[in-house]
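Thanks for coming. I will go through one structure today, piece by piece. Please have a look at it before I start.

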Amino acid sequence: MKKENNKLGWLFTSPYLIFTLIFFLLPLLWSFWLALTDWNMISPNINFVGAENFIQALKNPAVQSAFFVTYKFLLVFVPLALFMSMIIALLVNGLPKFKGLFMVAFFLPYLSSGVVTSLIVKGLLSYNGPFNIFLRNTFNLDIDWLGSPNTAIFIVSLMIAWKMSGYYGLILISGLANINEEIYEAASIDGASKWTTFWKITFPMLYPALFTVIVLAVGISFGIFTEVYQLTGGGPNFATNTWQMEIYNQAFVNLKSGYASAIALISSVVTFMSIGIIRKGLEKWGERNGWS
């Protein structure tokens, strides 16, 4: 019976295992091999160059810039996404009825295409777009939103935060639903203000949901591509040139697939290390608030 159950288990998990083998493990091994070659994706000749691609990538100013740009996006996007999703969660959770309807409405941007959203934002913020025309006519302001390094990073981060906040808000609402109302009643009897209640009760007790949201948001920060590609192309002056943009440019513009694979592997290591460090910090914060 045990052997039959094992066979049945392997049978049901086989589609996922086959999918992982074909679309993850094999490409990963192929990427390792490419990183050690100078193949340009066209020539039938593939020359083995060893660690040369990795050495060049670490010395390349564009790759170094992409490293810092990615962390800039992390520092802007994660707080924005956390703030917006928290506002959505608190507003929807406080509604007396139709919570599901409003949550679906906030969740819809998550299902929208990143390309379409980027094109709409690009049109709105263009020189002759409605927003800039309004600013010029009303306040005599002429702002190049996507042509300035600081505003470009903020616009891209804000757009992605808007897209993801409904999804993250759904996670936070599930966390709010698990907080016992008796705790709030006790705090109210003790005279605690709403601000104190939020920071001393709601925020610490949302730790599991916050942990999930922050880790997911950090992961998104290291994978930004579509929005940057559509809005800025990595500019101005490489101000929004993320890891993914640099990998794309090297692989499909410069046709240096081996070099691009080396950058991708380096970025993967940096991403996993960064997420690991942030997770450790979050776990320490959770332990201080009684989560173990």
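Let me begin with a question: where does Pro236 lie? Pro236 is in the loop between α11 (226-231) and α12 (243-253). The peptide bond that joins Gly235 and Pro236 is cis, with omega at about -5°.

Some ground rules before going on. This is a predicted model, in which local features need pLDDT of at least 70 and side-chain atom pairs count only at pLDDT 80 or more, while totals for chains, interfaces and linings use all residues. Residues are numbered from 1 along each chain as its sequence is written, and side-chain values use heavy atoms, with hydrogens and water left out.

Now the overall picture. The chain has 13 helices and 0 strands. Helices here are DSSP runs of H or I with at least four residues, strands are runs of E with at least two, and numbering goes from the N terminus. Along the principal axes, the C-alpha atoms fill a box of roughly 80 × 75 × 35 Å. The chain has 292 residues, and 39% of them count as buried. Buried means under 20% relative accessible area, exposed means over 50%, and partly exposed is in between, with a 1.4 Å probe and protein chains only.

Next, a pair of helices. Helix α5 (residues 114-124) packs against helix α7 (residues 149-177) at an angle of about 130°, and their axes are 11 Å apart. That angle makes α5 oblique to α7. On the terms: axes are lines fitted to C-alpha atoms, for helices over the stretch in contact, and angles run from 0 to 180 degrees between N-to-C directions. Under 35 degrees counts as roughly parallel, over 145 as roughly antiparallel, 65 to 115 as roughly perpendicular, and the rest as oblique. The crossing of α5 and α7 is right-handed, where right-handed means that the near helix is turned clockwise from the far one by less than a right angle, and left-handed means anticlockwise.

Back to loops. Phe98 is in the loop between α3 (61-93) and α4 (99-111). Its phi is near 60°, a positive value in a residue other than glycine. Phe98 is exposed, at 53% relative accessible area. Asn140 is in the loop between α6 (130-139) and α7. Asn140 is not a glycine, yet it has a positive phi of about 55°. With a relative accessible area of 69%, Asn140 is exposed.

How many salt bridges does the structure hold? There are 2, a salt bridge being a side-chain nitrogen of Lys or Arg within 4 Å of a carboxyl oxygen of Asp or Glu. In general, side chains of opposite charge can pair when their charged atoms come close. Asp142 is exposed, at 51% relative accessibility. The bridge between Glu283 and Arg279 has its closest N and O atoms 3.7 Å apart. Glu283 and Arg279 are 4 residues apart in helix α13 (residues 257-288), so about one helical turn separates them. Glu283 is partly exposed at 28% relative accessibility, and Arg279 is partly exposed at 38%.

Then the surface. A nonpolar patch, with about 1,100 Å² of accessible area together, includes Ile18, Phe19, Leu25 and Phe32. Patches take residues with over 30% relative accessible area and no salt bridge, joining like charges within 9 Å and nonpolar side chains (Val, Leu, Ile, Met, Phe, Trp, Tyr) within 5 Å. Accessible areas come from the Shrake-Rupley method with a 1.4 Å probe, and for residues only the protein chains shown count as cover. Leu25 sits in helix α1 (residues 2-35) and is partly exposed, at 38% relative accessibility.

Last, Met41. Met41 is in the loop between α1 and α2 (52-59), and at 32% relative accessibility it is partly exposed. Met41 and Phe252 are 211 residues apart in sequence, and their C-alpha atoms are 9.0 Å apart in space.
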